[in-house]
Amino acid sequence: MTIIGENDIREMYSKRLERAEIKKMPSEATIKKHASNILNLSKQFYSIAEDENPDADPQAKFDNTSMEDWLLKSDIDNVFDKIKKMPGKNGNPIGLSAQQSYLFSTLVGIRTLDFDSFHKNNLFISINKLLKEEKGLTQQLYEHKRSKSDQLPDYDKIQELVNTHLADNKTYAHKRLNLILRIYMQYPFRLEVADLIYIKGKKEYKKLDKTKNYLVKDSKGLFFSFNDYKTSDTYKERVIRIENTLLRARLTAFIKENEISSGERLWSDLSRNTMTKQITKFFSDRDIKKVTPTTLTKLLIKKAYDNMPEETRKVQQELARQRGHSIDIQLQVYLYEN
């Protein structure tokens, strides 16, 4: 059986880069996600073959099921039905965002298997139509984000809980979460905070190829340098200097106490997924459910808009720049009425 792995996907993107179809390679996290999605979806097709002939040798059934049986030969109805039946959190069906992710990964799989003739593939054509048509999945997802009925938690309550936690930060885990929460209460960042690599000195910073996310110490203090994020092709490197004195001091102390050397990850082995779970658990343990880094971003942006005079748009522009998206997206997706 043919298994599409990370190396195959990476090679496909390398070819596209050579052809100048794309400006840069996708992040390793993106490549891993595509490979995982393709494997998970493939298992949905293999299970059918196993159910049809339960007495057959499992490995033989596995070997006789080629990737081409679904990636290159399936129709959109069959594939999308499998996607919608994928198990999500707590056994519930996956949402629109996850469905979109699986569809994008399917497109990646088709291009990986049939690099030059992918555009003639019926499944590839149908998925593009499903995503881009007027009432397609992308539009549904956009409208879903705008029309969420759930209310944001109270900003002051969130801030109070964070401040209370910050007062009790004796262990490494407490101090790490302390700093992460402080960052998210001040900056509208995505999950790239989990990836930060510490860089000491402007000389070391200038040597970087600027493909990852960094916390840089220079003669003026500390600044973030984000290069590996969702919209980096458009917004390039985002440099945000840390102006808050207390946050600078706590970060500096954390680096010193944990003997973090230049070039090492700031949060050790913390992943984006683990960081999100820790933030959600922190607030869930305090009776506020489903708080994620995105929730904190929405709170921060809404708070800024609530306090912003009508005649100024400087705050709006800076928040959009720090987040790495357009002002229009900020208004349409991240700002909504309670």
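This is a predicted model: local features need pLDDT of at least 70, side-chain atom pairs count only at pLDDT 80 or more; totals for chains, interfaces and linings use all residues.
Residues are numbered from 1 along each chain as its sequence is written, and side-chain values use heavy atoms, with hydrogens and water left out.

**Entry 1: the sheet**

I looked up the elements and got 17 helices and four strands. (Helices are DSSP runs of H or I with at least four residues, strands are runs of E with at least two, and both are numbered from the N terminus.) The four strands make an open sheet, S1-S2-S3-S4, with mixed pairing; two strands pair if DSSP finds at least two bridges between them. S1 (197–200) and S4 (238–241) are at the edges with a single partner strand each, so one side of each has no neighbour in the sheet. S2 (residues 214–218) and S3 run antiparallel and are joined by five bridges.

What packs on this sheet? I found H13 there, touching S1, S2 and S3, and its direction makes about 85° with that of S3. (Axes are lines fitted to C-alpha atoms, for helices over the stretch in contact; angles run from 0 to 180 degrees between N-to-C directions. Contact means heavy atoms within 4.5 Å.)

**Entry 2: two helices crossing**

Next I checked H10 (residues 172–184) and H14 (residues 272–284): their axes come within 11 Å and cross at roughly 90°. H10 and H14 are therefore roughly perpendicular to each other, a label for 65 to 115 degrees; under 35 is roughly parallel, over 145 roughly antiparallel and the rest oblique. The H10 residues in this contact include Leu177 and Tyr184, and those of H14 include Met275 and Phe283.

**Entry 3: the cores**

I then looked for nonpolar cores, meaning sets of buried Ala, Val, Leu, Ile, Met, Phe, Trp, Tyr and Cys residues joined through side-chain atoms within 4.5 Å. (Buried is under 20% relative accessible area, exposed over 50%, partly exposed in between, with a 1.4 Å probe and protein chains only.) The largest core has 41 residues, and Phe224, Trp267, Phe283 and Leu296 have the most contacts inside it. Which helix gives the most to this core? H10 does, with six residues. A second, separate core of 30 residues includes Ile4 and Tyr102.
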